[in-house]
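Good morning. I will take a few minutes to go through one model. Please have the picture open while I talk.

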Amino acid sequence: MSPGKSRKQSFEASLKRLEAIVESLEQGTVSLDDATALYEEGIHLAKECAEKLKAAELKVKKLAKAMDGQFEVEGLKDE
Amino acid sequence: MISKNPMEQLSLIAEEKKALTVSEITRQIKLSLEQRFSRVWVQGEISNFKQHTSGHLYFTLKDEGAQISAVMWRSRAEGLLFLPESGMKVIARGSITVYPPRGNYQLDVEQLTPVGVGELQLAFEKLKRNLAEEGLFDESHKKPIPEYPETIGIITSETGAALQDIRSVLSRRFPAVEVLLLPVRVQGVGAAEEIVDAIAEMNRFRKIDVIILGRGGGSLEDLWPFNEEIVARAIYGSRIPIISAVGHEIDFSISDFVADLRAPTPSAAAELVVRDRAELLELLRNYCYTMHGSLEEKLSTLRDRVEGLLSSYSFNRPRDLLRESAQRVDEFERSLTSKFSHLVQLLHHSHLTLEHRLEALNPKNVLRRGYALVRKEGDLVTSARGLEQGDDAMIQFHDGTVKTKVQP
């Protein structure tokens, strides 16, 4: 994992890490201490992913050309 | 000056205002016209078409009320995808230039697009062939579409049906994405140029994972911007992967061929770009069960080993040490169970809000009505014959589990 992203990972990175954890737990070759730590991390990741999925509102913004020709982001007025 | 005769008036004007030379007025006209009309689109019918031996094309564009001379220099004419001829309806893009020695103005044509369907079809086939030969459609150049994009760029009309379709699909399937719209005209003159600019702008704007470029259905002429060579080259040059979604399922555009992925419709593009959240929640639930099961299995193996050692004679003395180990295993199990049930609750909640029907199948509901599960050594006991006097059994209610011994 890249150090810059340690606080909040992307959904994809979280899910990939979770898949790796599930796999190593399934193989059963890790020690109990490691397994417990992996389990805790896995549960945390699963929770994070589930919460992200629950986000109810789609965010839509617009790139619009300003007076100086530069583009900037603005809200989209809803229909 | 009302009372003076015309001759007097004229001489007065000549004295008061310096008269312009022909060259000077022409220079001013040239400046004014060429600045004002430096980039115009003109629709009309070709007449008096002549191809000079030098390769330059000379013709007149006309409609019912007017006409304008036009020239297309050889270097530009060589890029034409069809052969112009008198009588053909076209849209010419170019600029107005004034030729002082003859005191006339003309349209200097940069690009010529046929308007009739037959000509458009020919131009389409020719461009498709040229670009295919050049390698713009090669699979090896296509960029993979990210599996879980966080920011999706959309290049389409702000008022079109395509945007609404994409929004509603994304809201339903995976609303945890951010959508960045860059509104463009998707038909008519200048649309292709706007699309090209939009692709460039999105590539400058760093944080976009994938672009959906498209519009709803329309006639071949309406869809034409997506068949323009400049659009094809912009898609090819994009650093960000592009999904092309133009018109209906049966419509194929040059954009579709050159894009990294073709979607039959804008809605389908939205379906392709994100996964379904109900499916993902199900996947997460399965992962949790797998992790829980694996860890429980590990714990129970360790427990068996500890218990085996406890009951063996040789290890009966240093009992404290063993008890400590046993306690540690118990603690692990307790914390595991509480974390797991918390998560399962969370997942249940989010899943149920999406899939209400699952509620009826939830075994916890059965337990809540007063039923209970009986387990012996972890296995479910489904018959009275499964238990004998003196057996240890676990009874699971909806809110917890109690340990019991079968009485004589």
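How many bridges join β1(A) to strand β7 of chain B, and do these strands run parallel or antiparallel? There are four bridges, and the two strands run parallel. One position to look up is Lys62(A), which stands opposite Leu181(B) in β7(B). Strands of a sheet pair through backbone hydrogen bonds, either parallel or antiparallel. Before I go on, note that this is a predicted model.

That pairing belongs to a contact between the two chains. The contact takes 34 residues from chain A and 36 residues from chain B. On the side of chain A, α1, α2 and β1 (59-65) each supply at least two residues. The most comes from α2(A), with 14 residues. Sorted by class, the side of chain A that touches chain B has 20 nonpolar, four polar and 10 charged residues.

Now stay in chain A and look at its helices α1 and α2. Helix α1 covers residues 11-27 and helix α2 covers residues 32-54. Their axes come within 9 Å and cross at roughly 145°. The crossing of α1(A) past α2(A) is left-handed. Which residues of α1(A) meet α2(A)? Among them are Phe11(A), Leu15(A), Leu18(A), Ile21(A), Val22(A) and Leu25(A). On the α2(A) side, the residues they meet include Ala35(A), Leu38(A), Tyr39(A), Leu45(A) and Cys49(A). By class, this helix contact has 12 nonpolar, three polar and four charged residues.

Next, chain B. Chain B has 408 residues, of which 26% count as buried. Its elements are 13 helices and 14 strands. Take the contacts in chain B between residues at least 6 apart in sequence: 62% of these join residues at least 24 apart.

What do five of the strands in chain B close into? They close into a barrel, in the order β1-β2-β3-β5-β4, with mixed pairing. From one strand to the next, the twist averages 55°.

Strand β4 (residues 89-99) and strand β5 (residues 104-114) of chain B are joined by 10 bridges and run antiparallel. For an example, find Ile91(B), whose bridge partner in β5(B) is Thr113(B). Across β4 and β5 of chain B lies helix α2 of that chain, residues 22-36. This helix runs at about 150° to β4(B).

That is the end of my part.

Note on methods: Residues numbered from 1 in each chain as written. Chains lettered and ligands numbered in written order. Predicted model: local features only at pLDDT ≥ 70, side-chain atom pairs only at ≥ 80, totals over all residues. Axes fitted to C-alpha atoms, helices over the stretch in contact; angles between N-to-C directions. Left-handed = near helix turned anticlockwise from the far one by under 90°. Contact = placed C-beta atoms within 7 Å. Nonpolar A, V, L, I, M, F, W, Y, C, P; charged D, E, K, R; others polar. Buried ≥ 20, exposed ≤ 12 C-beta atoms within 10 Å, placed from the backbone. Pairing = 2+ DSSP bridges.
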